Amino acid sequence: MMIDDEIPRSRQRQARIRAANTMNALQKISSNAAKIEREMSPAEYEEFANLYRLVRVELNGLYELLAEKEREKYYGYFVAVTEYEKKIAEGVYNPDLDGVLKFD
C-alpha cells in the first residue's frame, strides 16, 4: 500500500523489487536465527551482518524512491534508527537510559 500511495508511479516497479528483497532478507534472518541452539561462529555473525546490511541498503533505496514530501515525513524515523544502530555498534546502548524506539 505504501508503494502505491507514496512512491511515484514511474518508480513503483523498482520499489516492489526492493521491498521483496527486503522481506526475503528479513525472512532469511528470522529462519536462520530460529535454528541457532549454540553460540554463533564468526562466520554466522558475518552472515547475519551481511543480511542486515542488505536490508538497510534496500530500505535506504526505498526511501530514495519516495517523493520529496514523503521523504520529509519519514526522515525522523531514519535518523532515530541510525542513532540507535550507532549506539548498538559502539556498545553504549542502554535501554534503561535510552528507552525503546517508539514511532507514533
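Glu-58 is buried, with a relative accessible area of 9%. In this talk, buried means under 20% relative accessible area, exposed means over 50%, and partly exposed lies in between, with a 1.4 Å probe and protein chains only. The structure is a predicted model, in which local features need pLDDT of at least 70 and side-chain atom pairs count only at pLDDT 80 or more, while totals for chains, interfaces and linings use all residues. Residues are numbered from 1 along each chain as its sequence is written, and side-chain values use heavy atoms, with hydrogens and water left out.

What does the side chain of Glu-58 meet in a salt bridge? The partner is Arg-18, at 3.0 Å from N to O. A salt bridge here is a side-chain nitrogen of Lys or Arg within 4 Å of a carboxyl oxygen of Asp or Glu. Because Glu-58 lies in helix α3 and Arg-18 in helix α2 (residues 12-35), this pair ties together parts that are 40 residues apart in sequence. The helices are DSSP runs of H or I with at least four residues, strands being runs of E with at least two, and both are numbered from the N terminus.

The structure holds eight salt bridges, and I shall continue with another of them. Glu-85 and Arg-56 meet through their side chains in a salt bridge of 3.1 Å, N to O. This pair also links distant parts of the chain, with Glu-85 in helix α4 and Arg-56 in helix α3, 29 residues apart. Glu-85 counts as buried at 18% relative accessibility, whereas Arg-56, at 24%, counts as partly exposed.

I turn now to Arg-71, which is found in helix α4 (residues 68-90). Is Arg-71 buried or exposed? Its relative accessible area is 18%, so Arg-71 is buried. Arg-71 forms a salt bridge with Glu-68, and the closest N and O atoms are 3.1 Å apart. The two residues are three apart in helix α4, which means that about one helical turn separates Arg-71 from Glu-68. Glu-68 itself counts as partly exposed, at 48% relative accessibility. Setting aside residues up to four places away in sequence, Arg-71 touches Arg-11, Tyr-63, Glu-64 and Leu-66. Contact, in this sense, means heavy atoms within 4.5 Å.

A pair of aromatic rings is described by the distance of the centres and the angle of the planes. Rings of Phe, Tyr and Trp (its six-membered ring) pair if their centres lie within 6.5 Å; planes under 30 degrees apart count as stacked, over 60 as edge-to-face and the rest as tilted.

How many aromatic pairs does a search of the whole structure find? The search finds two. Tyr-63 and Phe-78 form a stacked pair, 5.5 Å centre to centre, with 10 degrees between the planes. This pair links distant parts of the chain, as Tyr-63 is in helix α3 (residues 42-65) and Phe-78 in helix α4, 15 residues apart. Tyr-63 counts as buried at 14% relative accessibility, and Phe-78 is partly exposed, with a relative accessible area of 29%. The rings of Tyr-75 and Phe-78 have centres 6.3 Å apart and planes at 35 degrees, so this pair is tilted. Tyr-75 and Phe-78 are three residues apart in helix α4, and about one helical turn separates them. Tyr-75 is partly exposed, with a relative accessible area of 46%. Together, Tyr-63, Tyr-75 and Phe-78 form one aromatic cluster.

Next comes Glu-6, which lies in helix α1 (residues 2-6). Glu-6 counts as buried, at 13% relative accessibility. A network of salt bridges links Glu-6, Glu-70 and Lys-73. The side chains of Glu-6 and Tyr-74 are joined by a polar contact of 2.7 Å. A polar contact is a pair of N or O atoms within 3.5 Å; within protein, one must be able to donate a hydrogen and the other to accept it, and residues adjacent in sequence count only if both atoms are side-chain atoms. Leaving aside neighbours within four places in sequence, Glu-6 is in contact with residues including Leu-66 and Ala-67.

Leu-65 is buried, with a relative accessible area of 7%. Which residues does Leu-65 touch, not counting residues up to four places away in sequence? They are Ile-7, Pro-8, Arg-11, Gln-14, Ala-15 and Arg-18. Leu-65 and Pro-8 are 57 residues apart along the chain, and their C-alpha atoms are separated by 7.7 Å.
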